[in-house]
Amino acid sequence: TETQMKKVRSAMWKVFPLPDSYFLYVGMMKPHKNVKWLVENFIQFREKNLIESGLVLIGKKPVGDKSFEKLLEKGKPLGIVWNYRAQGNSWPNQHY
């Protein structure tokens, strides 16, 4: 029923807090995937108030890429959410 679906959605949002509307990227965060470009442009659009949606990234964060980490930190207040689920890992609530 519709009431049950609302309860399920409400429970999911407590476990996986997401913006009301968002763009979703699912995949590896390797350089050839241009995720850094996606994040940079998302930040620019949000700073210019051209979009209101958030950006949800699902994938394993690249190890040792400090510039990518700084970019995610800059995007955190603008609605960037990063989570991963790989090799049996649970969803950490890491919001960047």
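Reader: Over how many bridges do strand 1 and strand 2 pair in the parallel sense?
Author: This is a predicted model, where local features need pLDDT of at least 70, side-chain atom pairs count only at pLDDT 80 or more, and totals for chains, interfaces and linings use all residues. Residues are numbered from 1 along each chain as its sequence is written, and side-chain values use heavy atoms, with hydrogens and water left out. Strands are DSSP runs of E, at least two residues, helices are runs of H or I, at least four, and both are numbered from the N terminus; two strands pair if DSSP finds at least two bridges between them. Strand 1 and strand 2 run parallel, and their bridges number five.

Reader: Which residue in strand 2 stands opposite tyrosine 22?
Author: Look along the pairing of strand 1 and strand 2, which is parallel. Across from tyrosine 22 you'll find glycine 54.

Reader: What order do the three strands of the open sheet have?
Author: Strand 1 (22–26) and strand 3 (80–83) are the edge strands, each pairing on one side only. Strand 2 (residues 54–58) also pairs with strand 3, in the parallel sense over four bridges. That gives the order 1-2-3.

Reader: Which strands does helix 2 touch as it packs on the sheet?
Author: Contact means heavy atoms within 4.5 Å. By that test, helix 2 (residues 35–47) touches strand 1, strand 2 and strand 3.

Reader: Which element has the highest mean pLDDT?
Author: pLDDT is the predictor's confidence in each residue, from 0 to 100, and the protein averages 80. Helix 1 (residues 2–15) has the lowest mean among the elements, 78. At the other end, with 94, sits helix 2.

Reader: How many residues apart in sequence are the parts that aspartate 65 and lysine 36 tie together?
Author: These two side chains meet in a salt bridge (3.6 Å, N to O), meaning a side-chain nitrogen of Lys or Arg within 4 Å of a carboxyl oxygen of Asp or Glu. Aspartate 65 lies in the loop between strand 2 and helix 3 (66–75) and lysine 36 in helix 2, so the parts they tie together are separated in sequence by 29 residues.

Reader: Is glutamate 2 buried or exposed?
Author: Buried means under 20% relative accessible area, exposed over 50%, and partly exposed in between (1.4 Å probe, protein chains only). Glutamate 2 forms a salt bridge with lysine 6. Its relative accessible area is 59%, so glutamate 2 is exposed.

Notes. Axes fitted to C-alpha atoms, helices over the stretch in contact; angles between N-to-C directions.
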